[in-house]
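Here is a walk through a predicted model. Keep the structure open and follow along.

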Amino acid sequence: MKLRYAFGLMLLVAGAVVLQLAVFPAFVPAAIRPDVGVLLGMAALAFGPREFGLACVFALGLQADLFGSARFGLLTLCSLLSARLVLWVAWRELTRGDLLAAWVGGIAGTFLTHLLYILLGRLCGLEVLWGQAWLTLLTLVLGACVWGLLCAWVCGRLMYRLNLFSLPVRERWAADERLAAARKGKVLRA
Amino acid sequence: MRRDYVRSHVLFPGLVLLALLLFMVPGVHVESLRARSLSALSPLLRLSGAAGRNTQPQAALIAVPVTAMPAPPPGAPPENHAAEDALRAELVRLLYENGLLRSALPAPSPLILAEKDGQRHPLATPAGLGADVIARKVLWQEPVLALDRGAADGIKLHSGVLHRGAVVGRIISVAPHVSCMALLTHRGMSVAARLVGSRVEGVLQGGPQPYAGEEGERLCRMAVVGRDINVKAGEVVVTSGYDGSFPPGLWLGVVVGTKKNGDVQWELAVRPACNENAVECVYIITATMPEVPWPVMPEGRKTVGGR
(Lines give C-alpha, C1' and ligand atoms only; values in the text may rest on other atoms or scores of the structure.)
Protein backbone atom coordinates (compact mmCIF):
# COMPACT_ATOMS: atom_id res chain seq x y z
CA MET A 1 0.00 0.00 0.00
CA LYS A 2 1.38 3.37 -0.93
CA LEU A 3 2.09 6.00 1.66
CA ARG A 4 -0.72 8.24 0.50
CA TYR A 5 -3.22 5.50 1.29
CA ALA A 6 -1.91 5.24 4.83
CA PHE A 7 -2.11 9.01 5.13
CA GLY A 8 -5.66 9.05 3.80
CA LEU A 9 -6.65 6.26 6.17
CA MET A 10 -5.27 8.19 9.13
CA LEU A 11 -7.11 11.32 8.05
CA LEU A 12 -10.38 9.43 7.71
CA VAL A 13 -10.04 7.82 11.14
CA ALA A 14 -9.10 11.12 12.77
CA GLY A 15 -12.02 12.84 11.07
CA ALA A 16 -14.41 10.12 12.17
CA VAL A 17 -13.17 10.33 15.78
CA VAL A 18 -13.54 14.11 15.87
CA LEU A 19 -16.99 14.02 14.29
CA GLN A 20 -18.16 11.12 16.43
CA LEU A 21 -16.87 12.34 19.77
CA ALA A 22 -16.89 16.10 19.51
CA VAL A 23 -18.91 17.59 16.71
CA PHE A 24 -22.02 15.46 16.51
CA PRO A 25 -22.66 15.06 20.26
CA ALA A 26 -22.21 18.78 20.74
CA PHE A 27 -24.21 20.19 17.89
CA VAL A 28 -26.58 17.54 16.55
CA PRO A 29 -29.67 16.20 18.35
CA ALA A 30 -29.53 12.54 19.28
CA ALA A 31 -32.38 11.66 16.93
CA ILE A 32 -30.28 12.34 13.81
CA ARG A 33 -26.81 11.43 15.03
CA PRO A 34 -25.23 9.05 12.53
CA ASP A 35 -22.51 6.43 12.82
CA VAL A 36 -19.89 8.40 10.94
CA GLY A 37 -17.44 5.53 10.84
CA VAL A 38 -19.76 3.35 8.78
CA LEU A 39 -20.67 6.22 6.46
CA LEU A 40 -17.04 7.10 5.77
CA GLY A 41 -16.07 3.45 5.45
CA MET A 42 -18.79 2.77 2.89
CA ALA A 43 -17.82 5.92 0.98
CA ALA A 44 -14.18 4.79 0.95
CA LEU A 45 -15.31 1.37 -0.24
CA ALA A 46 -17.35 2.99 -3.00
CA PHE A 47 -14.68 5.35 -4.29
CA GLY A 48 -11.37 3.69 -3.56
CA PRO A 49 -9.74 0.39 -4.38
CA ARG A 50 -11.31 -2.57 -2.65
CA GLU A 51 -8.35 -3.22 -0.34
CA PHE A 52 -8.24 0.36 0.79
CA GLY A 53 -12.00 0.37 1.34
CA LEU A 54 -11.89 -2.77 3.45
CA ALA A 55 -8.96 -1.41 5.45
CA CYS A 56 -10.94 1.78 6.03
CA VAL A 57 -13.98 -0.19 7.16
CA PHE A 58 -11.80 -2.18 9.54
CA ALA A 59 -10.02 0.86 10.99
CA LEU A 60 -13.19 2.91 11.33
CA GLY A 61 -15.00 -0.03 12.92
CA LEU A 62 -12.09 -0.37 15.32
CA GLN A 63 -12.36 3.26 16.42
CA ALA A 64 -16.10 2.83 16.90
CA ASP A 65 -15.39 -0.29 18.92
CA LEU A 66 -12.85 1.53 21.04
CA PHE A 67 -15.13 4.41 21.95
CA GLY A 68 -18.59 2.97 22.02
CA SER A 69 -19.00 -0.77 21.82
CA ALA A 70 -20.16 -3.10 24.53
CA ARG A 71 -17.82 -5.82 23.31
CA PHE A 72 -14.47 -4.93 21.80
CA GLY A 73 -14.21 -6.23 18.26
CA LEU A 74 -17.91 -6.80 17.71
CA LEU A 75 -18.58 -3.57 15.86
CA THR A 76 -15.50 -4.11 13.68
CA LEU A 77 -16.69 -7.59 12.76
CA CYS A 78 -20.19 -6.32 12.00
CA SER A 79 -18.83 -3.48 9.86
CA LEU A 80 -16.71 -5.90 7.86
CA LEU A 81 -19.57 -8.37 7.38
CA SER A 82 -22.02 -5.69 6.32
CA ALA A 83 -19.46 -4.16 3.92
CA ARG A 84 -18.94 -7.58 2.40
CA LEU A 85 -22.69 -8.06 2.16
CA VAL A 86 -23.19 -4.71 0.43
CA LEU A 87 -20.34 -5.46 -1.98
CA TRP A 88 -21.76 -8.88 -2.69
CA VAL A 89 -25.22 -7.53 -3.45
CA ALA A 90 -24.31 -4.35 -5.36
CA TRP A 91 -20.60 -4.02 -5.94
CA ARG A 92 -21.00 -2.91 -9.55
CA GLU A 93 -23.42 -0.10 -8.68
CA LEU A 94 -21.53 0.90 -5.58
CA THR A 95 -18.08 1.12 -7.12
CA ARG A 96 -18.83 3.19 -10.16
CA GLY A 97 -18.12 6.41 -8.27
CA ASP A 98 -21.61 7.77 -7.94
CA LEU A 99 -22.33 9.93 -4.89
CA LEU A 100 -25.88 8.65 -4.71
CA ALA A 101 -24.66 5.05 -4.63
CA ALA A 102 -22.25 5.88 -1.82
CA TRP A 103 -25.09 7.52 0.09
CA VAL A 104 -27.43 4.54 -0.30
CA GLY A 105 -24.52 2.23 0.51
CA GLY A 106 -23.91 4.20 3.71
CA ILE A 107 -27.53 3.87 4.74
CA ALA A 108 -27.57 0.15 3.97
CA GLY A 109 -24.23 -0.31 5.70
CA THR A 110 -25.48 1.48 8.81
CA PHE A 111 -28.61 -0.64 8.93
CA LEU A 112 -26.80 -3.93 8.36
CA THR A 113 -23.94 -3.17 10.72
CA HIS A 114 -26.16 -2.38 13.65
CA LEU A 115 -28.64 -5.13 12.87
CA LEU A 116 -25.76 -7.59 12.96
CA TYR A 117 -24.48 -5.89 16.09
CA ILE A 118 -27.80 -6.48 17.82
CA LEU A 119 -28.10 -10.09 16.71
CA LEU A 120 -24.48 -11.08 17.26
CA GLY A 121 -24.42 -9.13 20.52
CA ARG A 122 -27.39 -11.14 21.71
CA LEU A 123 -25.61 -14.33 20.70
CA CYS A 124 -22.50 -13.19 22.55
CA GLY A 125 -24.52 -12.80 25.74
CA LEU A 126 -24.89 -9.03 25.80
CA GLU A 127 -27.99 -7.65 27.45
CA VAL A 128 -30.04 -6.28 24.56
CA LEU A 129 -32.95 -4.02 25.45
CA TRP A 130 -35.04 -4.67 22.38
CA GLY A 131 -37.17 -1.53 22.34
CA GLN A 132 -34.19 0.72 22.87
CA ALA A 133 -32.13 -1.26 20.37
CA TRP A 134 -34.67 -0.88 17.56
CA LEU A 135 -35.17 2.77 18.38
CA THR A 136 -31.43 3.41 18.26
CA LEU A 137 -31.18 1.50 15.00
CA LEU A 138 -33.95 3.68 13.58
CA THR A 139 -32.25 6.90 14.70
CA LEU A 140 -28.94 5.72 13.23
CA VAL A 141 -30.57 4.97 9.89
CA LEU A 142 -32.31 8.34 10.04
CA GLY A 143 -28.99 9.99 10.82
CA ALA A 144 -27.41 8.16 7.90
CA CYS A 145 -30.17 9.44 5.61
CA VAL A 146 -29.59 13.01 6.76
CA TRP A 147 -25.78 13.09 6.88
CA GLY A 148 -24.83 10.29 4.51
CA LEU A 149 -24.70 12.39 1.34
CA LEU A 150 -22.60 15.08 3.00
CA CYS A 151 -20.20 12.50 4.45
CA ALA A 152 -19.89 10.78 1.07
CA TRP A 153 -19.19 14.07 -0.66
CA VAL A 154 -16.58 15.18 1.89
CA CYS A 155 -14.93 11.75 1.81
CA GLY A 156 -14.98 11.79 -2.00
CA ARG A 157 -13.40 15.27 -2.23
CA LEU A 158 -10.70 14.26 0.26
CA MET A 159 -9.90 11.05 -1.57
CA TYR A 160 -9.94 12.83 -4.91
CA ARG A 161 -7.49 15.46 -3.68
CA LEU A 162 -5.22 12.80 -2.17
CA ASN A 163 -5.47 10.68 -5.28
CA LEU A 164 -6.90 7.72 -3.43
CA PHE A 165 -9.61 6.88 -5.94
CA SER A 166 -9.73 3.71 -7.94
CA LEU A 167 -8.94 4.34 -11.60
CA PRO A 168 -12.46 4.19 -13.09
CA VAL A 169 -13.85 6.43 -10.38
CA ARG A 170 -11.01 8.86 -10.77
CA GLU A 171 -11.62 9.04 -14.53
CA ARG A 172 -15.29 9.70 -13.95
CA TRP A 173 -14.73 12.45 -11.36
CA ALA A 174 -12.03 14.06 -13.50
CA ALA A 175 -14.32 14.03 -16.52
CA ASP A 176 -17.09 15.61 -14.46
CA GLU A 177 -14.74 18.26 -13.20
CA ARG A 178 -13.47 19.03 -16.71
CA LEU A 179 -17.05 19.30 -17.92
CA ALA A 180 -17.99 21.66 -15.10
CA ALA A 181 -14.91 23.79 -15.79
CA ALA A 182 -15.66 23.88 -19.51
CA ARG A 183 -19.15 25.15 -18.76
CA LYS A 184 -17.58 28.04 -16.89
CA GLY A 185 -15.22 28.71 -19.77
CA LYS A 186 -12.13 27.25 -18.18
CA VAL A 187 -9.95 24.47 -19.44
CA LEU A 188 -8.51 21.89 -17.11
CA ARG A 189 -5.59 19.74 -18.04
CA ALA A 190 -5.99 16.03 -17.76
CA MET B 1 -3.24 -9.67 -11.89
CA ARG B 2 -3.00 -12.94 -10.07
CA ARG B 3 -1.42 -11.16 -7.11
CA ASP B 4 -4.24 -8.60 -6.99
CA TYR B 5 -6.84 -11.36 -7.05
CA VAL B 6 -5.20 -13.21 -4.19
CA ARG B 7 -4.72 -10.04 -2.17
CA SER B 8 -8.31 -9.03 -2.62
CA HIS B 9 -9.65 -12.43 -1.64
CA VAL B 10 -7.32 -12.97 1.29
CA LEU B 11 -7.69 -9.51 2.78
CA PHE B 12 -11.32 -9.85 3.82
CA PRO B 13 -10.98 -13.17 5.69
CA GLY B 14 -7.81 -11.87 7.27
CA LEU B 15 -9.54 -8.76 8.56
CA VAL B 16 -12.48 -10.82 9.85
CA LEU B 17 -10.02 -13.09 11.63
CA LEU B 18 -8.33 -10.06 13.11
CA ALA B 19 -11.69 -8.72 14.31
CA LEU B 20 -12.40 -12.07 15.91
CA LEU B 21 -9.03 -11.95 17.62
CA LEU B 22 -10.01 -8.58 19.08
CA PHE B 23 -12.67 -10.44 21.04
CA MET B 24 -9.93 -11.96 23.10
CA VAL B 25 -8.45 -8.66 24.24
CA PRO B 26 -9.12 -8.41 28.00
CA GLY B 27 -11.58 -5.76 29.06
CA VAL B 28 -9.02 -4.13 31.35
CA HIS B 29 -6.72 -3.40 28.42
CA VAL B 30 -9.61 -2.05 26.36
CA GLU B 31 -10.65 0.26 29.17
CA SER B 32 -7.09 1.42 29.62
CA LEU B 33 -6.69 2.06 25.89
CA ARG B 34 -10.05 3.87 25.80
CA ALA B 35 -9.08 6.07 28.74
CA ARG B 36 -5.72 6.88 27.21
CA SER B 37 -7.29 7.72 23.85
CA LEU B 38 -9.89 9.96 25.44
CA SER B 39 -7.19 11.62 27.49
CA ALA B 40 -5.18 12.29 24.36
CA LEU B 41 -8.25 13.68 22.63
CA SER B 42 -9.37 15.78 25.60
CA PRO B 43 -7.97 19.13 24.28
CA LEU B 44 -9.92 18.59 21.11
CA LEU B 45 -13.08 17.64 22.99
CA ARG B 46 -12.71 20.63 25.29
CA LEU B 47 -12.20 22.91 22.31
CA SER B 48 -15.41 21.80 20.74
CA GLY B 49 -17.30 22.13 24.00
CA ALA B 50 -18.20 18.48 24.08
CA ALA B 51 -16.34 17.71 27.27
CA GLY B 52 -18.67 16.57 29.98
CA ARG B 53 -21.42 15.63 27.55
CA ASN B 54 -22.34 12.13 26.63
CA THR B 55 -19.85 11.49 23.87
CA GLN B 56 -20.66 7.85 23.48
CA PRO B 57 -21.55 6.89 19.96
CA GLN B 58 -25.11 5.79 19.46
CA ALA B 59 -24.06 2.20 18.96
CA ALA B 60 -23.18 1.96 22.62
CA LEU B 61 -26.82 2.39 23.53
CA ILE B 62 -27.94 -0.72 21.73
CA ALA B 63 -26.40 -3.34 23.91
CA VAL B 64 -24.68 -3.22 27.22
CA PRO B 65 -22.45 -5.81 28.79
CA VAL B 66 -24.05 -7.85 31.51
CA THR B 67 -22.38 -6.69 34.69
CA ALA B 68 -22.76 -9.29 37.32
CA MET B 69 -21.27 -8.83 40.75
CA PRO B 70 -17.98 -10.68 40.81
CA ALA B 71 -18.24 -13.72 42.96
CA PRO B 72 -15.77 -13.82 45.82
CA PRO B 73 -12.96 -16.23 45.17
CA PRO B 74 -13.17 -19.47 47.08
CA GLY B 75 -11.43 -19.20 50.39
CA ALA B 76 -11.42 -15.42 50.35
CA PRO B 77 -10.16 -13.94 53.60
CA PRO B 78 -12.87 -12.65 55.95
CA GLU B 79 -11.19 -9.22 56.01
CA ASN B 80 -13.22 -8.32 52.90
CA HIS B 81 -16.48 -8.61 54.83
CA ALA B 82 -15.05 -6.71 57.75
CA ALA B 83 -14.02 -3.87 55.45
CA GLU B 84 -17.47 -3.85 53.86
CA ASP B 85 -19.14 -3.67 57.25
CA ALA B 86 -16.82 -0.87 58.29
CA LEU B 87 -17.72 1.05 55.14
CA ARG B 88 -21.42 0.56 55.80
CA ALA B 89 -21.02 1.78 59.37
CA GLU B 90 -19.13 4.81 58.09
CA LEU B 91 -21.93 5.50 55.60
CA VAL B 92 -24.56 5.33 58.34
CA ARG B 93 -22.50 7.64 60.53
CA LEU B 94 -22.12 10.16 57.68
CA LEU B 95 -25.83 10.02 56.91
CA TYR B 96 -26.62 10.69 60.56
CA GLU B 97 -24.18 13.59 60.67
CA ASN B 98 -25.64 15.00 57.47
CA GLY B 99 -29.15 14.87 58.92
CA LEU B 100 -27.94 16.55 62.10
CA LEU B 101 -26.33 19.39 60.16
CA ARG B 102 -29.42 19.77 58.00
CA SER B 103 -31.61 20.05 61.07
CA ALA B 104 -29.37 22.81 62.38
CA LEU B 105 -29.93 24.92 59.26
CA PRO B 106 -32.41 27.76 59.72
CA ALA B 107 -35.69 27.01 58.01
CA PRO B 108 -37.19 29.63 55.74
CA SER B 109 -39.75 31.39 57.86
CA PRO B 110 -42.99 32.53 56.22
CA LEU B 111 -42.41 35.91 57.76
CA ILE B 112 -39.31 37.58 56.57
CA LEU B 113 -40.42 41.16 56.91
CA ALA B 114 -41.45 43.20 59.89
CA GLU B 115 -43.10 46.58 59.84
CA LYS B 116 -41.21 49.35 61.56
CA ASP B 117 -41.50 53.07 61.01
CA GLY B 118 -43.99 52.48 58.26
CA GLN B 119 -41.42 50.46 56.30
CA ARG B 120 -40.71 46.76 56.02
CA HIS B 121 -37.42 45.44 57.32
CA PRO B 122 -36.09 41.92 57.23
CA LEU B 123 -36.31 40.18 60.56
CA ALA B 124 -32.96 39.55 62.16
CA THR B 125 -32.29 36.43 64.18
CA PRO B 126 -32.08 37.46 67.83
CA ALA B 127 -28.79 36.97 69.63
CA GLY B 128 -28.39 33.55 71.16
CA LEU B 129 -26.41 30.37 71.09
CA GLY B 130 -26.89 26.84 69.89
CA ALA B 131 -27.41 23.88 72.17
CA ASP B 132 -27.79 20.15 71.76
CA VAL B 133 -30.56 18.12 73.26
CA ILE B 134 -28.87 15.71 75.65
CA ALA B 135 -31.87 14.09 77.33
CA ARG B 136 -35.62 13.77 77.05
CA LYS B 137 -37.89 12.93 79.94
CA VAL B 138 -41.62 12.80 80.44
CA LEU B 139 -42.49 14.66 83.66
CA TRP B 140 -46.10 14.86 84.74
CA GLN B 141 -47.11 13.43 81.38
CA GLU B 142 -45.34 16.26 79.52
CA PRO B 143 -42.05 15.87 77.65
CA VAL B 144 -39.16 18.01 78.85
CA LEU B 145 -35.86 18.30 77.02
CA ALA B 146 -32.48 18.75 78.66
CA LEU B 147 -29.97 21.01 76.89
CA ASP B 148 -26.20 21.14 77.22
CA ARG B 149 -26.06 24.88 77.97
CA GLY B 150 -26.64 26.51 81.33
CA ALA B 151 -26.30 29.65 83.35
CA ALA B 152 -22.56 29.72 82.79
CA ASP B 153 -23.26 30.17 79.10
CA GLY B 154 -25.65 33.06 79.67
CA ILE B 155 -28.90 31.11 79.66
CA LYS B 156 -31.65 32.63 81.80
CA LEU B 157 -34.91 31.27 83.06
CA HIS B 158 -37.82 31.73 80.62
CA SER B 159 -35.49 32.34 77.66
CA GLY B 160 -37.07 31.51 74.34
CA VAL B 161 -35.89 28.50 72.37
CA LEU B 162 -35.94 28.22 68.57
CA HIS B 163 -35.51 25.27 66.24
CA ARG B 164 -34.74 25.97 62.58
CA GLY B 165 -35.90 29.55 63.03
CA ALA B 166 -39.27 28.72 64.58
CA VAL B 167 -40.28 28.80 68.22
CA VAL B 168 -40.10 25.40 69.87
CA GLY B 169 -40.33 26.16 73.58
CA ARG B 170 -38.99 27.97 76.61
CA ILE B 171 -36.34 27.37 79.28
CA ILE B 172 -38.01 26.26 82.52
CA SER B 173 -35.01 25.47 84.73
CA VAL B 174 -31.37 26.39 84.64
CA ALA B 175 -28.28 24.74 86.15
CA PRO B 176 -24.71 26.01 85.72
CA HIS B 177 -24.03 23.92 82.62
CA VAL B 178 -27.34 22.30 81.80
CA SER B 179 -30.85 23.59 81.35
CA CYS B 180 -34.32 22.22 80.71
CA MET B 181 -36.87 23.41 78.23
CA ALA B 182 -40.59 22.82 77.85
CA LEU B 183 -42.08 22.39 74.42
CA LEU B 184 -44.81 24.56 72.98
CA THR B 185 -47.43 21.91 73.67
CA HIS B 186 -46.55 21.74 77.37
CA ARG B 187 -49.62 22.45 79.45
CA GLY B 188 -47.86 25.22 81.36
CA MET B 189 -46.60 26.99 78.24
CA SER B 190 -47.95 30.40 77.34
CA VAL B 191 -46.62 32.67 74.58
CA ALA B 192 -47.96 36.01 73.41
CA ALA B 193 -48.97 35.47 69.78
CA ARG B 194 -50.46 37.26 66.83
CA LEU B 195 -52.31 36.14 63.73
CA VAL B 196 -50.47 37.38 60.67
CA GLY B 197 -53.45 37.91 58.38
CA SER B 198 -55.94 39.51 60.72
CA ARG B 199 -53.28 41.02 63.05
CA VAL B 200 -55.31 39.89 66.06
CA GLU B 201 -53.38 39.23 69.27
CA GLY B 202 -53.89 36.35 71.59
CA VAL B 203 -52.14 33.89 73.85
CA LEU B 204 -50.86 30.60 72.59
CA GLN B 205 -51.08 27.86 75.20
CA GLY B 206 -50.20 24.23 75.43
CA GLY B 207 -52.21 21.63 77.19
CA PRO B 208 -55.61 20.29 76.23
CA GLN B 209 -56.58 21.21 72.68
CA PRO B 210 -60.02 22.25 71.45
CA TYR B 211 -59.97 19.07 69.40
CA ALA B 212 -57.44 16.37 68.75
CA GLY B 213 -55.17 16.54 65.75
CA GLU B 214 -54.65 13.87 63.13
CA GLU B 215 -53.37 10.59 64.54
CA GLY B 216 -52.96 11.91 68.05
CA GLU B 217 -50.94 14.91 66.92
CA ARG B 218 -50.27 17.37 69.73
CA LEU B 219 -51.65 20.83 68.99
CA CYS B 220 -51.66 24.15 70.81
CA ARG B 221 -54.64 26.36 71.45
CA MET B 222 -54.80 30.08 71.04
CA ALA B 223 -57.33 32.15 72.92
CA VAL B 224 -58.45 35.22 71.01
CA VAL B 225 -60.90 37.92 72.00
CA GLY B 226 -62.81 39.62 69.22
CA ARG B 227 -66.28 39.87 67.81
CA ASP B 228 -65.54 39.12 64.17
CA ILE B 229 -61.94 38.17 63.54
CA ASN B 230 -62.34 36.28 60.26
CA VAL B 231 -59.72 33.60 60.91
CA LYS B 232 -59.27 30.81 58.41
CA ALA B 233 -57.41 27.55 58.61
CA GLY B 234 -53.87 27.89 57.30
CA GLU B 235 -53.27 31.32 58.76
CA VAL B 236 -49.81 31.75 60.23
CA VAL B 237 -49.30 32.50 63.92
CA VAL B 238 -46.24 34.42 65.09
CA THR B 239 -44.94 35.83 68.34
CA SER B 240 -46.19 39.28 69.19
CA GLY B 241 -43.21 40.04 71.39
CA TYR B 242 -45.34 41.22 74.29
CA ASP B 243 -44.27 38.57 76.79
CA GLY B 244 -40.62 39.59 77.00
CA SER B 245 -39.25 36.18 75.98
CA PHE B 246 -39.41 36.31 72.22
CA PRO B 247 -38.95 39.17 69.79
CA PRO B 248 -41.96 39.76 67.51
CA GLY B 249 -42.42 37.93 64.23
CA LEU B 250 -41.06 34.48 65.09
CA TRP B 251 -42.99 31.60 63.60
CA LEU B 252 -45.13 29.69 66.06
CA GLY B 253 -47.43 27.58 63.94
CA VAL B 254 -50.41 27.41 61.64
CA VAL B 255 -54.10 27.59 62.46
CA VAL B 256 -55.79 24.28 61.71
CA GLY B 257 -59.24 24.89 63.23
CA THR B 258 -61.44 27.51 64.89
CA LYS B 259 -64.11 27.31 67.58
CA LYS B 260 -66.28 30.10 68.98
CA ASN B 261 -66.81 29.93 72.74
CA GLY B 262 -69.10 32.90 73.18
CA ASP B 263 -69.90 36.24 71.64
CA VAL B 264 -66.33 37.46 71.61
CA GLN B 265 -64.31 34.40 72.66
CA TRP B 266 -62.52 32.30 70.07
CA GLU B 267 -60.38 29.27 70.58
CA LEU B 268 -58.08 28.34 67.72
CA ALA B 269 -56.26 25.05 67.26
CA VAL B 270 -52.67 25.73 66.18
CA ARG B 271 -50.25 23.18 64.83
CA PRO B 272 -46.71 24.00 66.03
CA ALA B 273 -44.19 24.93 63.36
CA CYS B 274 -41.67 22.38 64.60
CA ASN B 275 -41.97 18.65 64.74
CA GLU B 276 -41.30 18.27 68.43
CA ASN B 277 -40.26 14.67 68.07
CA ALA B 278 -37.37 15.54 65.77
CA VAL B 279 -35.64 18.23 67.79
CA GLU B 280 -31.96 17.41 68.22
CA CYS B 281 -30.39 20.83 68.45
CA VAL B 282 -31.89 24.21 69.31
CA TYR B 283 -31.07 27.89 69.41
CA ILE B 284 -31.53 29.62 72.77
CA ILE B 285 -32.24 33.33 72.73
CA THR B 286 -29.94 35.19 75.10
CA ALA B 287 -30.80 38.69 74.01
CA THR B 288 -32.36 40.62 76.86
CA MET B 289 -35.61 42.36 76.12
CA PRO B 290 -35.93 46.01 77.23
CA GLU B 291 -37.28 46.34 80.73
CA VAL B 292 -40.55 48.24 80.83
CA PRO B 293 -41.06 50.61 83.80
CA TRP B 294 -44.54 49.41 84.58
CA PRO B 295 -46.21 51.76 87.08
CA VAL B 296 -46.35 50.37 90.56
CA MET B 297 -49.84 49.99 91.90
CA PRO B 298 -50.39 52.30 94.90
CA GLU B 299 -51.22 50.77 98.25
CA GLY B 300 -54.91 50.22 98.89
CA ARG B 301 -56.01 50.60 95.28
CA LYS B 302 -57.28 47.59 93.47
CA THR B 303 -57.55 48.95 89.96
CA VAL B 304 -56.36 52.01 88.07
CA GLY B 305 -59.75 53.65 88.13
CA GLY B 306 -61.00 51.93 91.24
CA ARG B 307 -62.48 53.56 94.21
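Two strands pair if DSSP finds at least two bridges between them. In chain B, strand β4 (residues 128–139) and strand β5 (residues 142–147) form such a pair, antiparallel, with six bridges. Within this pairing, B:A135 faces B:A146 of β5(B). The two strands make a hairpin with two residues between them. There B:W140 adopts a positive phi near 50°.

β4(B) has another partner. Strand β15 (residues 281–285) of chain B pairs with β4(B) over five bridges, again in the antiparallel sense. One of the bridges links B:A131 to B:V282 in β15(B). How many of the twelve residues of β4(B) are buried? The count is one, and the strand is hardly covered.

Now look along β15(B) to B:I285, which belongs to that strand. Is B:I285 buried or exposed? A residue needs 20 or more other C-beta atoms within 10 Å of its own to be called buried. B:I285 has 24 C-beta neighbours inside 10 Å, so B:I285 counts as buried. Leaving aside residues up to four places away in sequence, B:I285 touches B:P126, B:G128, B:S159, B:G160, B:L162 and B:F246. Take B:G160 from that list. In sequence, B:I285 and B:G160 are 125 residues apart. In space, their C-alpha atoms are 5.4 Å apart.

Read from the N terminus, the order of elements is α-α-α-α-α-β-α-α. Chain A has 190 residues, and 51% of them are buried. Consider the contacts in chain A between residues at least 6 apart in sequence: 72% of these join residues at least 24 apart.

Two packed helices are described by the angle between their axes and the distance between the axes.

Begin with helix α1 (residues 3–27) and helix α3 (residues 50–68) of chain A. They pack at an angle of about 35°, and their axes are 10 Å apart. The crossing of α1(A) past α3(A) is right-handed. From α1(A), the contact draws on A:Y5, A:L9, A:L12, A:V13, A:A16, A:V17, A:Q20 and A:L21. From α3(A) come A:F52, A:A55, A:C56, A:A59, A:L60, A:Q63 and A:F67. By type, the contact residues are 13 nonpolar, two polar and no charged.

The other pair is helix α2 (residues 36–47) and helix α6 (residues 130–161) of chain A. Here the angle is about 50° and the axes are 9 Å apart. α2(A) and α6(A) are therefore oblique to each other. α2(A) also passes α6(A) in a right-handed crossing. On the α2(A) side, the contact uses A:V36, A:L39, A:L40, A:A43, A:A44 and A:F47. On the α6(A) side stand A:A144, A:W147, A:G148, A:C151, A:A152, A:C155, A:G156 and A:M159. These residues divide into twelve nonpolar, two polar and no charged.

Finally, see where the chains meet. B:L41 sits in helix α2 (residues 27–47) of chain B. Which residues does B:L41 touch, not counting those up to four places away in sequence? They are A:V17 and A:L21. B:L41 counts as partly exposed because 19 C-beta neighbours lie inside 10 Å.

Terms used: Residues numbered from 1 in each chain as written. Chains lettered and ligands numbered in written order. Predicted model: local features only at pLDDT ≥ 70, side-chain atom pairs only at ≥ 80, totals over all residues. Helix = DSSP H or I, 4+ residues; strand = E, 2+ residues; numbered from the N terminus. Contact = placed C-beta atoms within 7 Å. Axes fitted to C-alpha atoms, helices over the stretch in contact; angles between N-to-C directions. Parallel < 35°, antiparallel > 145°, perpendicular 65-115°, else oblique. Left-handed = near helix turned anticlockwise from the far one by under 90°. Nonpolar A, V, L, I, M, F, W, Y, C, P; charged D, E, K, R; others polar.
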